[in-house]
Amino acid sequence: MAKHEHPVAAFGWAARDSSGHLSPFNFSRRATGENDVTFKVLYCGICHSDLHSIRNEWGGSTYPMVPGHEVVGVVTEVGSKVTKFKVGDKVGVGCLVGSCRSCESCANDLENYCPDTIATYNSKYNDGTTTHGGYSNIMVADEHFVVAIPDSLPLDGAAPLLCAGITVYSPLRYYGLDKPGLHVGVVGLGGLGHMAVKFAKAMGLKVTVISTSPSKKQEAIERLGADSFLDSRDQEDMQSANGTMDGIIDTVSAIHPLQPLLGLLKSNGKLVMVGAPSKPLQLPAFSLLMGRKALGGSLIGGLKETQEMINFASEHSIVSDIEVIPMDYVNKAMERLARADVRYRFVIDIENSLKIAA
Ligand SMILES: [Zn+2]
Ligand SMILES: [Zn+2]
């Protein structure tokens, strides 16, 4: 049925059940509408959300599901009312392909906080058909949800900017942690954390990586340019840095104590969660009261800010550190991602390795 939902034949890899196993899948895309941009997918990043979603670890997964929300490619067709893009442009689609376009959040370029967002996969378009993501050969989206990728950015390394990049860029800006000279901590050195280090350094911040893996100290400092490193399991190490940070971006999605992190903040410091642990975290209120500290959260970013982030990345030559893989390696990649065995993002070479079934 899915194959014939829409007029344009599409092909990708889908999960069929909560085993999360991905395999070839024929489906369909809508024809290019008057406000739509259709593009040939060249690369798609593998986000940790893809893994959670295909295995139904957050609940709400529907199958078959073609994951992928770090999608980049080249425009093949544009609708008659499209003004921002033309055939041949390099473009990307991130976590969203739709929103209500009329609520307060949408009016303020914060489509990410619209109550009626349409996610790039595992969601429904307004006509009731299923959205499918970028582990596929073609993509179509309203131009409002498409961003331009400047020629200076390599497309493979740029793909993860569309989720991992904006997820850490937006809170640095919103919480005022973007002023040169401020000291920011980054908790966790994975797909999100390594991007946070790069953006924070480009903004002129002093950056300390906070991790449970002391083995990451060298790469944090030498490879990513962090100024210092804290082993979060080393009490002396943590104590020595108490009261030194203006803000912390916490990317960890495993259960972890917040009190030691709040202790690292100066008065008026902000701890911002961008990871999503599956169970509630313990928060002793006194650790907020002392020093008037704030705990906040942030979820991806709006489309205007996503384009701003891409342009900033282009100016500062920021891309994700990636391991490019062929499509048929994806199940193995998911196993490795589950044990954090990747530096720091897998990106699927869709153009050269997605073999379309006859
Ligand atoms: Zn993501
Ligand atoms: Zn809205």
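Analyst: Helices (H or I, at least four residues) and strands (E, at least two) are DSSP runs, numbered from the N terminus. This is a predicted model, in which local features need pLDDT of at least 70, side-chain atom pairs count only at pLDDT 80 or more, and totals for chains, interfaces and linings use all residues. Residues are numbered from 1 along each chain as its sequence is written, while chains are lettered from A and ligands numbered from 1 in the order in which they are written.

User: Which residue follows helix 4, and what is its phi?

Analyst: The helix in question spans residues 164–174. After helix 4 comes G176, with a positive phi near 70°.

User: How many of the 11 residues of helix 4 are buried?

Analyst: A residue is buried if 20 or more other C-beta atoms lie within 10 Å of its own, exposed if 12 or fewer, and partly exposed in between, with C-beta atoms placed from the backbone. Those buried in helix 4 include A164, Y169 and L172. Helix 4 is largely enclosed by the rest of the structure, because the number of its residues that are buried is 9 of the 11.

User: What arc do the buried residues of helix 11 cover around the axis?

Analyst: The buried residues of helix 11, residues 330–338, are V330, A333, M334 and L337. They lie on the same side of helix 11, because the arc (that of the directions from the helix axis to the C-beta atoms) is only 105°.

User: Which exposed residues does the face of helix 11 turned away from its buried side carry?

Analyst: Opposite the buried side, that face of helix 11 carries the exposed residues K332, E335 and A338.
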